[in-house]
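Please read them with the structure open beside you.

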Amino acid sequence: MNLRFTVALAIALFVAGISFAASEDKKHSFGFKEYDAFHDLLHPLEHEALPKGDFAKIRSDAKELIKRGDAIVKLGVPRGTKAESVEEFKKQLDAFSKALVKFGGDAESGSDADLKTSYSAVHDIFEELARMLPRKSKH
């Protein structure tokens, strides 16, 4: 009887874990593939590499992060953005583009301190852009 209970509990926890992981993935969807792709690479850098001071990892992922960031800039102001937010969105996209360039230079030849500063600027502006994204209604 204990074995059955233990096996049933293990299965239940496994299924709950899969469900939780699936819901976590959806929680991070921004509704725009360019933002999702950028965040998929940004997240481990922000929450794993940066806290450990692993600037080699940030440098090694820089070109891909910049490529994904450029896709956000190319997307421009997403359809559905409120009219009163369009100009601010454009300003943030311009700042993001400039931050990506600075980050790229620091990733190639800047000090770790410079890299940390420019990476943080990219991260912070991305977060601001993500907050401004139009939310797709869930019907």
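1. In which helix do glutamate 128 and arginine 131 both lie, and how many residues apart are they? Both belong to helix α5, where they stand three residues apart, about one turn of the helix; helices here are DSSP runs of H or I with at least four residues, strands are runs of E with at least two, and both are numbered from the N terminus.

2. Before going further, please note that this is a predicted model, in which local features need pLDDT of at least 70 and side-chain atom pairs count only at pLDDT 80 or more, while totals for chains, interfaces and linings use all residues. Residues are numbered from 1 along each chain as its sequence is written, and side-chain values use heavy atoms, with hydrogens and water left out.

3. Glutamate 128 and arginine 131 form a salt bridge, with 3.0 Å between the closest N and O atoms; the term requires a side-chain nitrogen of Lys or Arg within 4 Å of a carboxyl oxygen of Asp or Glu. Glutamate 128 is partly exposed at 27% relative accessibility, whereas arginine 131, at 55%, is exposed (buried means under 20% relative accessible area, exposed over 50%, and partly exposed in between, with a 1.4 Å probe and protein chains only).

4. The structure holds seven salt bridges, and helix α4 (residues 86–109) contains the pair glutamate 87 and lysine 90, which are three residues apart and therefore separated by about one helical turn. Their closest N and O atoms are 3.7 Å apart, and lysine 90 is partly exposed at 44% relative accessibility.

5. Also in helix α4, lysine 102 and aspartate 106 are four residues apart, again about one helical turn, and their side chains meet in a salt bridge at 3.0 Å, N to O. Lysine 102 is partly exposed at 48% relative accessibility, but aspartate 106, at 7%, is buried.

6. Returning to helix α5 (residues 112–132), its axis comes within 11 Å of that of helix α2 (residues 33–52), and the two cross at roughly 135°; axes are lines fitted to C-alpha atoms, for helices over the stretch in contact, and angles run from 0 to 180 degrees between N-to-C directions. The two helices are therefore oblique to each other, since angles under 35 degrees count as roughly parallel, over 145 as roughly antiparallel, 65 to 115 as roughly perpendicular and the rest as oblique.

7. The contact (heavy atoms within 4.5 Å) involves residues including Phe38 and Leu42 of α2 and Tyr119 and Phe126 of α5.
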